[in-house]
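Here are my notes from going through the model.

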Amino acid sequence: MAFEELMTYAYLSCSLKLKKFYFLYFILLLGPTLIAQQITGTVLDKGTNEPLIGVSVYFDGSTLGTITDENGNFKLIPPGNLLVPLILSHLGYQSRKLNAPFGPNHMTIYLTEEIQEIPEVVLTSDPFSRRQKLNVFRNEFLGDGKAARNCSILNEDDIRLHYRSFDSTLTASTKAPLTIINSFLRYRIRFDLKEFTIAFRSKNLERIDNIKYTRYAGFTHFEDFSNNDRKILKRRQAAYLGSPMHFMRSIWEGNLTDQNYSFNYELKPIAPDKLMDRLDHDSDSFKTYEFSRKRFVINYKKESYYRSSISLDGTTTFSIDQFGNYSPYQDLIFGGYMADLRISETLPNDYKFPKSLP
């Protein structure tokens, strides 16, 4: 079974009773690949054939990355199986995404200059100030919890915001990748925003019971500046436990009960083996599961119980890798606690839950 090609993507749909959430932490590949090998390449300007210096080269959604040297060369050594593509990004150039950058050969990669077109002026009613729109953007993109309150976007001036009165929709685009400082989890995040939309039910920016969905997509790279601070590592543990990443990794490991997960179906407890069956479609990179129920409740016991839900919209068969990536993402909808998590509480896909803290 092949993985779908996707960007870091989130889709949220809010209603009075339930907040639905399509969630994918990181880009998945068209096909599983082992990448425990050195990856090397040279990045050139497509028009001039000159080497490009300082190009960001990273695996999407991870801390794994580097920049090209004075000759346009780079080298990366991924740690084992990681089902994410390689992103190449440079100011003034179109980003490149390589879905299968693996093999013994040195790669030559060309980047094309990005033509800055003057956007078409469309005269529509926009009754809200930039400050009002920016506050909503922050809350829906970063979140509104303790972690989000300790996050800042350094280049907010690069964010373009527009409210369309005719369909009550707020959109955002950026002149450059967003630089986010997450002081709570101690990550510096580069988010190359490709899409951001909030659809409201009525012509105002109220969030409670008024947002139909929030959708955003882009490429993400994390830089760790925790310096192994014990307090920060404990915060990361707390962010991980009960998250979709933790849940999917627990399915992969086959230890949902040991990881304090329990389930309900139609208000009654149900065992994990009654909800999902592992199929014989495995490879070294992923495992395949079939869910027997189209909707069920996930309970996770942390300090108290956290309630989430899963609704299946389409297929009931999913592939999961050891890092918690899964496919097809659009047919699995999280609700409840897991649906409330945002960028401020997101961990890189190469995050390793420590057995003990320093």
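This is a predicted model: local features need pLDDT of at least 70, side-chain atom pairs count only at pLDDT 80 or more; totals for chains, interfaces and linings use all residues.

1. Start with the open sheet: three strands in the order β6-β3-β9, with mixed pairing. Its edges are β6 (73-76) and β9 (107-111), each of which pairs on one side only. From one strand to the next, the twist averages 30°.

2. Staying with that sheet, β3 covers residues 39-45 and pairs with β9 in the parallel sense, over five bridges.

3. Next, β11 and β12. Strand β12 (residues 169-174) runs antiparallel to β11, and six bridges join the two. They make a hairpin with four residues between the strands, and in the turn Ser168 has a positive phi of about 50°. For a bridge to look at here, Arg164 has Thr169 of β12 as its partner.

4. β12 also pairs with β14: the two run antiparallel and are joined by three bridges. Thr169 turns up again here, with Ala199 as its bridge partner in β14.

5. On to the rings. How many aromatic pairs does the structure hold? The count is 21. One I'd pick out is Tyr163 with Phe200: the ring centres are 6.3 Å apart and the planes sit at 50°, so the pair is tilted. For the label, planes under 30 degrees apart would count as stacked and over 60 as edge-to-face.

6. That pair links distant parts of the chain, since Tyr163 belongs to β11 (residues 159-164) and Phe200 to β14 (residues 187-200), 37 residues apart. Are the two residues buried or exposed? Tyr163 has a relative accessible area of 0%, so it is buried. Phe200, at 1% relative accessibility, counts as buried too; the cut-off for buried is under 20%.

7. Last, two arginines over tyrosine rings. The charged end of Arg236 sits over the ring of Tyr187, 3.8 Å from its centre. Arg293 lies over the face of Tyr265, at 4.9 Å from the ring centre.

Definitions and conventions:
Residues are numbered from 1 along each chain as its sequence is written. Side-chain values use heavy atoms; hydrogens and water are left out. Two strands pair if DSSP finds at least two bridges between them. Axes are lines fitted to C-alpha atoms, for helices over the stretch in contact, and angles run from 0 to 180 degrees between N-to-C directions. Rings of Phe, Tyr and Trp (its six-membered ring) pair if their centres lie within 6.5 Å; planes under 30 degrees apart count as stacked, over 60 as edge-to-face and the rest as tilted. Buried means under 20% relative accessible area, exposed over 50%, partly exposed in between (1.4 Å probe, protein chains only). A charge sits over a ring if NZ of Lys or CZ of Arg is within 6 Å of the ring centre and within 35 degrees of the ring normal.
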